[in-house]
Amino acid sequence: MREIVLDTETTGFEPEQGDRIVEIGAVELFNHLPTGRTYHQYINPERGMPQEAFQVHGLGDDFLRDKPVFARIVDDFLAFLGTDFKLVIHNAAFDVKFLNAELRWCNRPALPAGCALDTLDIARKKFPGSPASLDALCRRFGIDNSSRTLHGALLDSEILAEVYLELIGGKQPDLVLAPVSTGRSAGEAEGDWRPTRRPTPLPPRLTEEEKAAHAAFVAKLGQSALWTRT
């Protein structure tokens, strides 16, 4: 199963009022394990940065002025997503709303309905009444987010990937060990079971040199050495 943990930074809260995406960060997971593939892009929003948004992510007009506009990066972004993906986003409705607005302005199809898992919703259901921000979940799971002084899309995606795996049960939630036969008969009580001897003993792993070195070491300990007692 291929999942894309994703985060965006924007100029505000409402794309229909002129707000735009200024950064996208994403981390690829396969079967709940990071593949090492990431996507990161700063984007020129073609508008000024409100002070309130700048205080959140620190991306100002001077920094973004020479970055590509969304229409220039849309093909690379969609290529990274591919066709067989599930997005994992904290407060997914916000990011999907912005992504679909940017895609629409580029005359591209919207993201499929139900394409995203919302880790905020998962956390609220799992820990009702508790804080469910990304920082709060990092504290709960003991995840180091000390480098997160400002919001950053790629860093937040990497942190969210760790949080997501904890929310669904740990680093390898799909690791299920097959039941091991104990050799117990149908009517035998569980407390009666005892391990059986191997039909063929495993060969020794000690080399002759190691045996000789051990014997020389024991000889130096004298007759009271534990290994000389019978």
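These legends describe close-up views of a predicted model.

**View 1. Five strands form an open sheet.** The strand order is β3-β2-β1-β4-β5, and the pairing is mixed. Strands β3 (33-42) and β5 (116-118) stand at the edges. Each has a single partner strand, so one side of each lacks a neighbour in the sheet. Neighbouring strands are turned by 25° against each other on average, with direction ignored.

**View 2. Strand β1 is enclosed.** Nine of the nine residues of β1 are buried, so the strand is largely enclosed by the rest of the structure. In a regular strand the side chains alternate between the two faces of the sheet. Both faces of β1 are covered. On one side sit Arg 2, Ile 4, Leu 6, Thr 8 and Thr 10. On the other sit Glu 3, Val 5, Asp 7 and Glu 9. Buried here means under 20% relative accessible area.

View 3. How many bridges link β1 and β2? There are nine, and the two strands pair in the antiparallel sense. Look for Val 5, which stands opposite Val 27 in β2. The pairing of β1 with β4 is parallel, over three bridges. Here Ile 4 stands opposite Leu 87 in β4.

**View 4. Strands β2 and β3 make a hairpin.** Two residues lie between these strands. The strands pair in the antiparallel sense over seven bridges. Gly 25 has His 40 in β3 as its bridge partner.

**View 5. Strand β4 meets β5.** Strand β4 covers residues 86-89. Three bridges join β4 to β5, and the two run parallel. Leu 87 stands opposite Ala 116 in β5. Helix α5 (residues 119-126) packs on the sheet here, touching β4 and β5. The direction of α5 makes about 35° with that of β5.

**View 6. Helix α7 is largely enclosed.** Eleven of the 15 residues of α7 are buried, so the rest of the structure largely encloses this helix. Among them are Ala 153, Leu 154, Ile 159, Tyr 164 and Leu 167. Does the length of α7 (residues 153-167) agree with or differ from what 1.5 Å a residue predicts? The helix should span 21 Å, and its end C-alpha atoms are 20 Å apart, which agrees. Gly 169 follows α7, with a positive phi near 120°.

**View 7. Helices α6 and α7 pack together.** Helix α6 covers residues 134-141. The two helices pack at an angle of about 55°, with their axes 10 Å apart. That makes α6 oblique to α7. Their crossing is left-handed. From α6, the contact uses Leu 134, Leu 137, Cys 138 and Phe 141. From α7, it uses Asp 156, Ile 159, Leu 160, Val 163, Glu 166 and Leu 167. An α-helix has 3.6 residues a turn, so residues three or four places apart point the same way.

**View 8. Helix α8 ends before a glycine.** Helix α8 (residues 208-221) has 14 residues. From first C-alpha to last it reaches 20 Å, close to the 20 Å expected at 1.5 Å a residue. Gly 222 follows α8, and its phi is positive, near 90°.

Note on methods. Residues numbered from 1 in each chain as written. Predicted model: local features only at pLDDT ≥ 70, side-chain atom pairs only at ≥ 80, totals over all residues. Heavy atoms only, no water. Pairing = 2+ DSSP bridges. Helix = DSSP H or I, 4+ residues; strand = E, 2+ residues; numbered from the N terminus. Axes fitted to C-alpha atoms, helices over the stretch in contact; angles between N-to-C directions. Contact = heavy atoms within 4.5 Å. Expected span 1.5 Å × (residues − 1). Buried < 20%, exposed > 50% of the residue type's maximum accessible area, 1.4 Å probe, protein only. Parallel < 35°, antiparallel > 145°, perpendicular 65-115°, else oblique. Left-handed = near helix turned anticlockwise from the far one by under 90°.
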